[in-house]
Amino acid sequence: MFVRRSAPLLVLVVLLLTALVFCLKAEATSGASAAASARASSGPVASALRRKHQFPPPAADTRQKATPEWIAPYREAAARLIGEALANDAAWQRLAYLGDTFGSRLSGSPNLAAAITWALDEMARDGLENVHAEPVQVPHWVRGRESLEIVGPIPQPLVVLGLGNSIGTPPGGVEADLLVVHSFEELEMSRDRVKGRIVLFNVPFTTYGETVRYRTNGPSRAAALGAVATLVRAVGPAALRLPHTGTLVYTDGQPQVPAAALSAEDAARLQRMVDRGTKVRLRLTMEARFLPDADSANVVGEIRGRERPEEVVVIGGHFDSWDVGTGSTDDGGGCVATWEALRLIKKLNLRPRRTVRLVLWTNEENGGRGGLAYRDQHESELASHVMMLESDGGVFRPRGFGFSGSESARARVRDIATLLSSLDADWIGPSGGGADIGPSVQQANIPAMALDVEGEYFLIHHTPADTVDKIDPQDIARSTAAIAVMTYVIADMPERLR
Ligand SMILES: [Zn+2]
């Protein structure tokens, strides 16, 4: 097409084209970033993608919600604690250092022992008071090497992760035909076919509480009917062929068989093969075994109360982890967030009326002996425990706290939570507690709390993917802030929480 040249027209065309190209580019860029932010909108992996390390993060809701009158004197301290927690990524950096330096921290491992020594030194450096270790003897289970292969029809390896506290196999492994079941009822109905088989519990993950019983009790249930080994479909949502470890419990008086977790993908694959009528033969090899019990410790640091030091508010997490990953979410994050909360209270010179005690418990994962030892070693002062808080559900974006206690105490805690509205963490749920505070809480009927967060905890729980990159620095900072405010006010309020 011929266009008569004229200078003004040419300029106009160039301008229009430039504008068009610019608009298209802008569209493409914003489209790409919208798609990226949509992809990165949820989940721990997504958090890692969208991490920007911006501090302070934007407040969730700047409108001050109505706070009850008795809370008013705590507004300033709460604002200072929140401001200090959100000022930088100190909590995330400490958690990253813990995981990068010491790695996983299974009970009895030199890694856990070294991490305990480090924590004691660091707490002293933070200026915490009465920093000490409280000795606990812990079981010492070691995994050793392990493998699972399809022997026939065509030999090939599968991804496997032995269950904690499992026995090992003979050196050459256990080789047997596969039997797949989907429930304990189906296991019972198949009882004539269990003997001599490797039994796979192929139960899709629903909730942890519902599905974990196949990991905990499945091995003994199958062994009772003559199985030679047990496999359990990973207790967690399907994701990138990840098996999840976790403890099993052998039933007294039943034969013990080795047991391991399979990824959801491998379980589904074996299921398809069996459904096609293929006879699948497997070989499981595990070196897992127990060594003699080992020395370990609960780590304790405090700020002594200024008026009623004998009354104690306990906060903490468990310092041990499984031996895969770096235990950053389970439960390095809970340890560091509670620790940082206490450090900030100390740093701001907010010495509360009562003592705040930080406890990093040992051996939650495969024995629970840290929580039992705390109850026994502190039996005489449990009646003076005002509240115990455990953070063991991840330090993703905090929503608030679960609480267990009297209705009057719940009302107080709800009032305190109004100080957390700027964090969007003012929700108080129906029940709080934790595996480590459980023994003490039950013995002395102590009000119990747990940090409540929004995040895909069970996606990475007990897997090699439990590493610090799944945790957003802003989220652990917010978790720290929420714990610091809740803890400080409960420790300082004129009347004891009852
Ligand atoms: Zn845990």
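These legends describe close-up views of a predicted model.

Local features are taken where pLDDT is at least 70, and side-chain atom pairs count only at pLDDT 80 or more, while totals for chains, interfaces and linings use all residues. Residues are numbered from 1 along each chain as its sequence is written.

**View 1. The whole protein chain.** The chain has 15 helices and 16 strands. Both are DSSP runs, numbered from the N terminus: helices are H or I with at least four residues, strands E with at least two. Of its 498 residues, 50% are buried (20 or more other C-beta atoms within 10 Å of the residue's own, C-beta atoms being placed from the backbone). Take the contacts (C-beta atoms, placed from the backbone, within 7 Å) between residues at least 6 apart in sequence: 83% join residues at least 24 apart.

View 2. Eight strands lie in the order 1-10-12-11-13-16-14-15, with mixed pairing. Strands pair if DSSP finds at least two bridges between them. Strand 1 (129-142) and strand 15 (427-429) each have a single partner strand, so one side of each lacks a neighbour in the sheet. From one strand to the next, the twist averages 25°.

**View 3. Strand 11 and its partners.** Strand 11 (residues 308-318) is mostly covered, with 8 of its 11 residues buried. It runs parallel to strand 12 (residues 354-361), joined by 8 bridges. Arg308 has Arg354 of strand 12 as its bridge partner. Strand 11 also pairs with strand 13 (residues 385-390), again in the parallel sense, over 5 bridges. Here Ile315 stands opposite Leu389.

**View 4. Strands 13 and 16.** Strand 13 and strand 16 (residues 448-454) run parallel, joined by 3 bridges. The bridge partner of Leu389 in strand 16 is Met449.

**View 5. Helix 10 on the sheet.** Helix 10 touches strand 10 (289-303), strand 11 and strand 12. Its direction makes about 145° with that of strand 11 (axes are lines fitted to C-alpha atoms, for helices over the stretch in contact, with angles from 0 to 180 degrees between N-to-C directions).

**View 6. Helix 8 and its bend.** Helix 8 (residues 208-224) bends by about 55° at Asn217 (the angle between axes fitted to the seven residues ending there and the seven starting there). A proline, Pro219, follows within four residues. Buried residues of helix 8 include Tyr214, Arg215 and Gly218. The buried residues pack against helix 6 (184-189), helix 7 (191-194), strand 6 (198-201), strand 7 (229-233) and strand 8 (259-262). Just after the helix, Gly226 takes a positive phi of about 105°.

Notes:
A residue is buried if 20 or more other C-beta atoms lie within 10 Å of its own, exposed if 12 or fewer, and partly exposed in between; C-beta atoms are placed from the backbone. Two residues are in contact if their C-beta atoms, placed from the backbone, lie within 7 Å.
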